[in-house]
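Please consult the sequence and the model alongside the text.

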Amino acid sequence: MVAKFSVLLLLSLCSVLFTVGLAGQAIHNGKWKLLKKSIGVSAMHMALLPNDRVIVFDRTDAGPSNLTLPQERCAKDQICYAHSVEFNPGNRNFRPLTISTDTWCSSGALSTNGELIQTGGYGVGERVVRRFKPCANCDWKEDQNGLNVPRWYASNQVLPDGRVVIIGGRFQFNYEFVPKSKIHSLPFLEETRYSVYVANNLYPFVHLAPDGNLFVFANDRAILLDYVNNIVVKRFPVLPGGVSRNYPSTGSSALLPISLVGQKSSGSNFPAQAEVLVCGGTLADANVKADAGVFVPATKTCGRLVITSENPKWEVEEMPINRVMGDMIMLPTGDVLIINGAAKGTAGWGVAREPVLSPVLYKPWHKESSRFEVLTPTTIPRLYHSTAHLLSDGRVLVGGSNPNANYNFTALYPTELSLEAFSPPYLSPSWKSRPLLSSVKPGSELGYVQRFYVEFRLNYEAEKIYVTMVAPSFTTHSFAMNQRLLVLDMGDVRKSRTKKPGGSKSNHDYSVESYAPARTELAPPGYYLLFVVCDGVPSRGMWFIRAKTMIKY
């Protein structure tokens, strides 16, 4: 049986495709599970690799961690400490990794070949480019002269040609690339600095727009940057509210799902629309006041902007909870999970109060009055230097929190070495069962504009089906760098029905005709996770790779 899913039908369903709370199903607000009481290091930075291992690290100048390295990696008669681990979410095992240069407040991205490219840091680490390959016994490799200038509190983004751009950093009003090439000036970063000591524009929010330019947000405003010709193409309006959004007044940002529905009829000329969401932050002087013992409430406000519009205007809305230092994680459904952080104060050592324990779900395609939903709280405060990351099984890994200069387990908010998993509402047993994704044909390497087939099984007949692809991110300091989700165009949906042995119930087997993104500006080359979503419930993700490049890192 063949069911034709026309473009018009898909467009009419657009407002409900991302619905998580489905009619007739029990209310479920998510579930927490402690995966590991201690991994020995605090998860300041996180990255998911294509082998489903998570690389976690903090900083090497924080003194002893709670994890030692094997003696063969240490000098004679010396105890040396690990500041990085490889964590396996499947069996919860971890192994210590060796990192010698300081990674404090650094940045990163996954390269087109699946290798973690990690840049900058502090002191002897400020010009270092580090690499980690996803293999059984691999360890960090460090290039001491990988960058032109020091990069501390910078942001990274994978580009359409496979390079990685590194933007900003403390006292760096410029950008450069990996592989290493010349520096380009970016005065916008100096213009948006609040003061020399409280910049409020570090870790700028960087997103790749569908036209190949870069959306760069710093403090309370943004530009569209043609990084090739070093030209500011557009200056966007100031986000209303008088609030700073970047470090140390740390909010967060996400590029909302890019819909490619209808792409097959226009190919590489498809006019994709892109929206950016910025949430949280605090007043510009909140960090100064917090140092003096006055903890200013964080903002509740979010700004949403169609960056591809000719005359873009911010749409301002309010979260249910004040939040600073919140992480914004794209879920496979296209919803955004806002998690971690505090209700008062700022990022920095000991300058936040009132941990926000409850995540919030943001549903972009709902009406404004029903976009936010408060979810089940954790019991572990996650403040400065905490992280969150989407896993391939649809859960969100949460770790870190160390608002202290060193490892301190007696402070008001102690150093946190644990890892938790948060299961969003779609993983509730009371919801419909998950699609069982079996294969992608013709294979796991896809070209641009390529037609392919996603095959999966359900134990019921689905009403709404769509396919998403998610770029793995690098998360630190409340920003998931390179985070990206695309809703793919679809054609025919073929389905067959097979009765289960010994009963009246049936399995339903599906083959969904799908189309890969048409150009590199929509989806840069590299690894992605593919999900099929049925009635608001995603499958487990399946790794695939978009056409490789010849870039040598």
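A residue is called buried when its relative accessible area is under 20%, exposed when over 50%, and partly exposed in between, using a 1.4 Å probe and protein chains only. By that criterion Leu390, at 8% relative accessibility, counts as buried. The model is predicted: local features need pLDDT of at least 70, side-chain atom pairs count only at pLDDT 80 or more, and totals for chains, interfaces and linings use all residues. Residues are numbered from 1 along each chain as its sequence is written, and side-chain values use heavy atoms, with hydrogens and water left out.

**Leu390 and its surroundings**

- Leu390 belongs to strand 30, which covers residues 386-390; strands (E, at least two residues) and helices (H or I, at least four) are DSSP runs numbered from the N terminus.
- Apart from neighbours within four places in sequence, Leu390 is in contact with Leu48, Ile329, Met330, Leu331, Pro332, Arg395 and Val470, where contact means heavy atoms within 4.5 Å.
- Between Leu390 and Pro179 the C-alpha to C-alpha distance is 27 Å, and the two residues are 211 residues apart in sequence.

**Disulfides and other cysteines**

- Three disulfides are present in the structure, a disulfide being a pair of cysteine sulfur atoms within 2.5 Å.
- With the bonded cysteines of the protein numbered in sequence order, the pairing reads 1-2, 3-4, 5-6.
- Cys74 is bonded to Cys80, with 1.8 Å between the sulfur atoms, and both Cys74 and Cys80 are buried.
- The disulfide of Cys74 and Cys80 is left-handed, because the torsion about its S-S bond is about -75 degrees.
- In the disulfide of Cys135 and Cys138 the sulfur atoms lie 1.5 Å apart.
- Cys135 counts as partly exposed because its relative accessibility is 31%, whereas Cys138, with a relative accessible area of 17%, is buried.
- Cys279 and Cys302 are joined by a disulfide with an S to S distance of 2.1 Å.
- The torsion about the S-S bond of Cys279 and Cys302 is about 115 degrees, so this disulfide is right-handed.
- Cys279 lies in strand 21 (residues 275-279) and Cys302 in strand 22 (residues 301-306), so the pair ties together parts 23 residues apart in sequence.
- Cys279 and Cys302 are both buried.
- Cys105 has a relative accessible area of 0% and is therefore buried; Cys534, at 0% relative accessibility, also counts as buried.

**Overall fold**

- The protein contains three helices and 44 strands.
- Its radius of gyration is 22 Å, close to the 24 Å that the globule rule gives for 553 residues, so the protein is as compact as a globular protein of that length; the radius is taken over C-alpha atoms, and the rule is 2.2 Å times the number of residues to the power 0.38.
- The C-alpha trace spans about 65 × 55 × 45 Å along its principal axes.
- Of the 553 residues, 63% count as buried.
- Among contacts between residues at least 6 apart in sequence, 63% join residues at least 24 apart.
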